[in-house]
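Here is a briefing on the structure shown below.

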Amino acid sequence: MKLVVVDYESGNLRSVSRALESCGVAPLVSGDPQDLSNADAVALPGVGSGPAAMTALQQRGLVEPLREFALSGRPFLGICLGLQLLLDWTDEEGGAPCLGIVPGRVKRLPPTTSGGTGFNGTPPPTLKIPHMGWNSVTLNANHQALSDIDSNSYFYFVHSYYAEPADSAGVLGTTEYGLPFCSVYAQKGIVATQFHPEKSGAVGLRIYRNFVAMAAEKSRGTPHP
Amino acid sequence: MGVGWYTAGGVFLILIRGWWAGLLTKRIIPCLDVDGGRVVKGVSFVELRDAGDPAELAAVYDREGGDELVFLDITASSDSRDTMVDVVRRVSEEVFIPLTVGGGIRNVGDIRRMLKAGADKVSLNTAAVNNPALIGEGAAQFGNQCIVVAIDAKRVSWGAERPEHSEHRGAGGGGLGLDAGSRWEVYTRGGRTPTGIDAVKWAARAVELGSGEILLTSMDEDGQKRGYDLELTRAVSEATPVPVIASGGAGNLGHLYDALEAGRADAVLAASIFHFGEYSIGEAKDYLGGRGVAVRPYAG
């Protein structure tokens with residue numbers, strides 16, 4: 001099985017590779033478009049700015065190969081920015097087009113108060129941006145990528161923007177931070193999370209294990225159960 | 001106490017705080033000082049084979065429910081940097097929670113090496129004060145989520161010479177100097193060098209420059225075990241839109257609660273109360289959860 005972690009000089013590649021290795025696979029870390037076209041499964045990590053990431057992907061000739069792969073139905077895992085990049089457009093840094101695989105838009109988390117009253121009746125603090133730390137994910141539907149994961153499990157988030165898919169059908173998990181937003185998206189072969197499963201301890205590794213199982217089935221040609 | 005307890009705790013939070021508050025939990029972060037690749041400051045866990053091994057200790061804190069780990073290179077000499085890169089690599093191979101590394105990181109090349117080795121964030125202290133542009137350069141290349149500015153702050157004790165405005169001696173940019181309203185001064189080089197910079201103003205400037213998080217240490221309270229400097233913590237938390245980690249002074253679990261509630265910190269960093277086995281992280285979470293603080297349940 002050929003599982004490619006897309007290398008476009010965006011941060012946490014090592015953590016993602018290690019998480020996959022802990023599931024018993026040896027991922028190929030590559031920024032070569034050729035490696036995408038014949039991969040069985042692809043993981044797209046990403047931290048930092050969406051427009052900068054798009055520029056980096058364009059420079060490496062990865063935009064079309066990524067679109068083709070993700071639309072082919074083969075297992076595709078998007079992580080954090082790797083979820084946001086799937087959409088049509090991001091508002092980040094004045095706005096930029098993204099991969100256009102999932103209809104929808106990436107928006108900034110709104111400035112808001114945490115509600116209620118603060119300590120000893122003082123005014124409530126405003127919510128900090130980035131949304132950083134462990135928050136719970138409410139699961140709305142079953143999916144192979146989420147098997148053995150309880151709804152309201154905690155995952156590690158760090159982001160200032162969130163994905164808003166136009167069609168809610170693929171929104172399998174939501175999280176609250178000032179507003180409810182899409183924290184897990186899955187549709188056909190695509191699985192994407194706003195949180196970092198590779199930084200979310202044992203429960204996060206389960207997502208990698210499930211993804212590797214999807215990839216193994218696909219590479220053997222067995223039908224999706 | 002266990003899973004069932006936390007289920008009840010979750011319901012309690014939903015009812016009291018309201019659904020709109022979300023359930024972003026407050027983080028409890030053990031801090032490990034590393035010297036020459038070994039954890040120092042006497043760590044006493046009975047189950048450890050080698051208390052000085054960063055990877056083994058990291059695994060224990062991960063199991064106990066630590067929400068992140070901070071490693072500080074206290075030697076911070078140039079030849080210790082390679083050792084620290086190796087430590088980060090080994091820890092990140094075994095522990096799947098966020099890792100922050102600080103100490104002696106001076107330029108974008110240092111930041112890149114740490115991130116490539118497996119760190120998720122780097123903390124900049126002296127280098128950020130001496131060269132504030134480093135914050136922006138790091139944030140532009142790697143994202144502001146991985147640039148933590150660490151501030152060592154000490155209470156100002158004005159004598160008869162209380163100044164209207166004393167321009168700071170560091171290179172932190174204009175308008176950051178101590179003035180009559182200043183209450184805490186930034187120190188660099190491990191607390192050895194006063195800078196003349198106002199700590200609250202510096203925190204706000206660091207965020208403008210691209211820092212995604214502030215690690216705030218009270219030099220007055222560090223090691224005293226009588227609680228965090230709540231006024232400092234609250235002042236910095238309210239002056240910055242990004243998360244603030246309170247550090248310095250934890251002596252019991254009530255101190256953690258005070259920093260998170262009265263101090264409005266988003267996370268608490270502690271070393272000795274966990275290292276010496278006075279409290280486990282699980283006990284800290286039970287305690288905080290019992291007082292209505294949202295904390296991540298732990299498996300233990």
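In helix α3 of chain B, B:R90 and B:D86 sit four residues apart, so about one helical turn separates them. Their side chains meet in a salt bridge, with N to O at 3.8 Å. The model is a predicted one.

- B:R90 has 31% relative accessibility, so the residue counts as partly exposed.
- B:D86 has 37% relative accessibility and is likewise classed as partly exposed.
- Helix α7 of chain B holds another such pair: B:E208 and B:R205 lie three residues apart, about one turn of the helix.
- The closest N and O atoms of B:E208 and B:R205 are 3.6 Å apart, and the two form a salt bridge.
- B:E208 counts as exposed because its relative accessibility is 64%, a value over the 50% cut-off.
- B:R205, at 23% relative accessibility, counts as partly exposed.

**Salt bridges overall**

- How many salt bridges does the structure hold over all chains? The total is 26.
- A network of salt bridges links B:R27, B:E68, B:K121 and B:E213.
- Side chains of opposite charge can pair when their charged atoms come close.

**The interface of chains A and B**

- Chain B brings 40 residues to the contact, and chain A brings 36 residues.
- About 3300 Å² is buried between chain B and chain A, with 56% of it on carbon and sulfur atoms.
- Three salt bridges are found across this interface.
- In a salt bridge between the chains, the side chains of B:E93 and A:R14 meet at 2.6 Å, N to O.
- Polar contacts between chain B and chain A come to 16 residue pairs, counting pairs with both residues at pLDDT 80 or more.
- Helices α3 (80-94), α4 (108-117), α8 (230-239) and α9 (253-261) of chain B each supply at least two residues of the side that touches chain A.
- Which element gives the most to that side of chain B? It is α3(B), with three residues.

**A buried pair between the chains**

- A:K128 and B:D266 meet through their side chains in a salt bridge of 3.6 Å, N to O.
- This pair crosses between chains: A:K128 is in the loop between β7 (104-108) and β8 (131-139) of chain A, and B:D266 is in the loop between α9 and β13 (267-270) of chain B.
- Are A:K128 and B:D266 buried or exposed? Both are buried.

**Nonpolar cores**

- The largest nonpolar core has 80 residues; B:F71, B:I151, B:W202, B:I214 and B:L256 touch the most other members.
- Helix α7 (residues 199-209) of chain B gives the most to this core, with six residues.
- A second, separate core has 34 residues, including A:V6, A:C98, A:C182 and A:Y185.
- Beyond its neighbours within four places in sequence, B:L256 is in contact with B:Y228, B:A250, B:V268, B:I273, B:F274, B:A284 and B:L288.
- In soluble globular proteins, nonpolar side chains tend to be buried together.

**Strands of chain A**

- An open sheet of four strands runs in the order β6-β5-β7-β10 in chain A, with mixed pairing.
- β6 (96-97) and β10 (161-165) of chain A stand at the edges with a single partner strand each, so one side of each has no neighbour in the sheet.
- Strand β5 (residues 89-90) of chain A runs antiparallel to β6(A), and two bridges join them.
- A:W89 has A:P97 in β6(A) as its bridge partner.

**Strands of chain B**

- β4 (residues 99-102) and β5 of chain B pair in the parallel sense over three bridges.
- In β5(B), B:S123 is the bridge partner of B:G102.
- From strand β5 (residues 121-124) of chain B, B:K121 and B:S123 point one way, and B:V122 and B:L124 point the other way; all are buried.

**B:S218**

- B:S218 lies in strand β11 (residues 213-218) of chain B.
- At 1% relative accessibility, B:S218 counts as buried, because the cut-off for buried is under 20%.
- A polar atom of the B:S218 side chain lies 3.4 Å from the backbone nitrogen of B:D220.
- Leaving aside neighbours within four places in sequence, B:S218 is in contact with B:A153, B:D229, B:L232, B:S247 and B:G248.

Methods
Residues are numbered from 1 along each chain as its sequence is written. Chains are lettered from A and ligands numbered from 1 in the order in which they are written. This is a predicted model: local features need pLDDT of at least 70, side-chain atom pairs count only at pLDDT 80 or more; totals for chains, interfaces and linings use all residues. Side-chain values use heavy atoms; hydrogens and water are left out. A nonpolar core is a set of buried Ala, Val, Leu, Ile, Met, Phe, Trp, Tyr and Cys residues joined through side-chain atoms within 4.5 Å. Buried means under 20% relative accessible area, exposed over 50%, partly exposed in between (1.4 Å probe, protein chains only). Contact means heavy atoms within 4.5 Å. Two strands pair if DSSP finds at least two bridges between them. Buried area is the accessible area (1.4 Å probe) that two parts lose on being put together, summed over both. A salt bridge is a side-chain nitrogen of Lys or Arg within 4 Å of a carboxyl oxygen of Asp or Glu. A polar contact is a pair of N or O atoms within 3.5 Å; within protein, one must be able to donate a hydrogen and the other to accept it, and residues adjacent in sequence count only if both atoms are side-chain atoms.
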